[in-house]
Amino acid sequence: MIHYDFVNVVLMRLPPLNAIRAFEAVCRHGSILKAAEELNVVRGAVRQQIDTLENHFGRKLFTRDGRRLVPTPQARAFAEASSAALDILQRAASELEGAAPARIRLGVPSAFAVWWLMPRVAGMQASLGDIAVDIVPMAVVEPLQMHPELDAVIMGGEYRPATGITALRFMEDEFGPVATPALAATLSSDPASMATLTMLISRSVPKLWDEWFAESGTAPVVFPRAQEFEDLLLALAAARSGLGVALAPRASIEDDLQRGHLVAPYGFISRPSGYSLCCRTPDAKRPAFASLSAWLLRCGTSA
């Protein structure tokens with residue numbers, strides 16, 4: 001039996017929803033102006049909502065770092081909970097209105113999207129039927145809680161889902177150094193011989209080389225030159241052009257290996273973690289996400 005008097009007392013202690021929305025937007029943007037633009041209100045309205053929230057809690061919620069507003073540690077924790085709660089409310093309201101679209105906006109690492117997902121996208125769409133999947137390539141893959149505009153994200157490597165996020169590991173992966181056959185022919189069986197080549201690095205996964213040295217038991221190589229690229233997609237394109245040697249997840253270059261555009265002179269080693277589909281926990285059991293998860297598991301197992 002619900003004691004409504006108790007529920008009413010608890011609800012009275014909650015701050016206004018508009019104040020929470022404004023606060024959550026400011027936390028994400030670090031700016032009252034950008035939050036106001038997102039919410040389609042004037043800056044003064046956002047400031048007023050922040051004042052309301054600070055008066056409610058009896059404390060300041062932000063410090064200033066230059067021109068950026070930074071939430072205090074306690075405020076940051078409240079912002080994370082607020083973001084998850086707003087997502088749940090929005091989806092529940094859509095379902096109540098009968099307007100929940102059968103569409104998933106899916107963030108995917110750029111290289112994985114181009115070389116693994118896109119060759120299979122026709123089969124994915126045939127399997128999902130009326131469920132539309134908008135594929136959003138991500139040069140730098142960030143956790144789902146940082147992207148309220150996305151419904152799900154594919155994460156590679158080690159990943160621990162945050163509270164309110166469900167992660168389904170659908171595929172193992174391996175990784176190793178790759179180069180053109182011509183460059184690979186100049187190398188010996190000792191990985192130290194890579195010291196004659198240019199090291200190609202992706203800023204989106206800057207520690208990939210360090211991880212391979214550690215996990216393969218290979219002594220770190222001192223390269224004469226290192227060249228950085230914004231994402232793995234560009235680093236692998238540079239490797240394919242013969243610029244140097246890149247460290248690549250096998251799932252992202254399987255087609256290049258089969259065609260002989262790239263070779264792995266020292267093979268591949270298994271990564272501690274593969275690829276995971278991450279979605280908000282309330283979404284995990286919904287038909288659209290269940291269908292996408294099932295398709296990824298089938299393809300990931302047979303990859």
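Trainee: Why is threonine 198 called buried?
Mentor: Its relative accessible area is 13%. The cut-off for buried is under 20%. The value 13% falls under that limit, so threonine 198 counts as buried. Keep in mind that this is a predicted model.

Trainee: Where does threonine 198 lie?
Mentor: In strand E8, which covers residues 198–202.

Trainee: What is threonine 198 in contact with, leaving aside its neighbours within four places in sequence?
Mentor: Phe223, Arg225, Gln227, Leu243, Gly244 and Val245. Contact here means heavy atoms within 4.5 Å.

Trainee: What makes asparagine 40 exposed?
Mentor: The relative accessible area of asparagine 40 is 71%. Exposed means over 50%. The value 71% is over that limit, so asparagine 40 is exposed. Asparagine 40 is found in the loop between helix H3 (32–39) and helix H4 (43–57). Its backbone has a positive phi of about 60°, although asparagine 40 is not a glycine.

Trainee: How many disulfides does the structure hold?
Mentor: The count is 0.

Trainee: How do you know that cysteine 279 is too far from the closest cysteine sulfur for a bond?
Mentor: Its closest cysteine sulfur is in cysteine 278, at 7.9 Å. A disulfide needs the two sulfur atoms within 2.5 Å.

Trainee: Why is the pair of phenylalanine 112 and tryptophan 116 called an aromatic pair, and what type is it?
Mentor: By this rule the count comes to 12 aromatic pairs. In this one, the ring centres are 4.9 Å apart, with 20° between the planes. Centres within 6.5 Å make a pair, and planes under 30 degrees apart make it stacked. Both conditions hold, so the pair is stacked.

Trainee: Where do these two residues lie?
Mentor: Both are in helix H6 (residues 110–117). They are 4 residues apart, about one turn of the helix. Phenylalanine 112 counts as buried at 1% relative accessibility, and tryptophan 116 at 2%.

Trainee: What makes tryptophan 209 and phenylalanine 223 edge-to-face?
Mentor: The angle between their planes is 65°, and the centres are 5.4 Å apart. Edge-to-face means over 60 degrees. The angle of 65° passes, so the label applies. The pair links distant parts of the chain, 14 residues apart. Tryptophan 209 is in helix H9 (residues 208–216), while phenylalanine 223 is in the loop between H9 and strand E9 (225–229). Both residues are buried.

Trainee: Which residues do ring pairs link into a cluster?
Mentor: Phe112, Trp116, Phe170, Tyr275 and Trp295.

Trainee: How much space lies in the second largest pocket?
Mentor: About 650 Å³. It is lined by 23 residues, and the closest to its centre are Ala79, Glu80, Ser83, Gln145 and Met146.

Trainee: Which element supplies the largest share of that lining?
Mentor: H5, with 8 residues. Helix H2 (17–29), strand E2 (68–71) and helix H5 (73–96) each supply at least two. By class, the lining has 12 nonpolar, 4 polar and 7 charged residues.

Notes. Residues are numbered from 1 along each chain as its sequence is written. This is a predicted model: local features need pLDDT of at least 70, side-chain atom pairs count only at pLDDT 80 or more; totals for chains, interfaces and linings use all residues. Side-chain values use heavy atoms; hydrogens and water are left out. Buried means under 20% relative accessible area, exposed over 50%, partly exposed in between (1.4 Å probe, protein chains only). On a 1 Å grid over the protein atoms alone, a cavity is a set of points where a 1.4 Å probe fits but cannot get out, and a pocket is an open set with protein on both sides within 12 Å along at least five of seven lines; lining residues have an atom within 4 Å of a point. Grid points are joined across faces, edges and corners, and a volume is the space filled by probe spheres set on the points. Ala, Val, Leu, Ile, Met, Phe, Trp, Tyr, Cys and Pro count as nonpolar, Asp, Glu, Lys and Arg as charged, and the others, Gly among them, as polar. Rings of Phe, Tyr and Trp (its six-membered ring) pair if their centres lie within 6.5 Å; planes under 30 degrees apart count as stacked, over 60 as edge-to-face and the rest as tilted.
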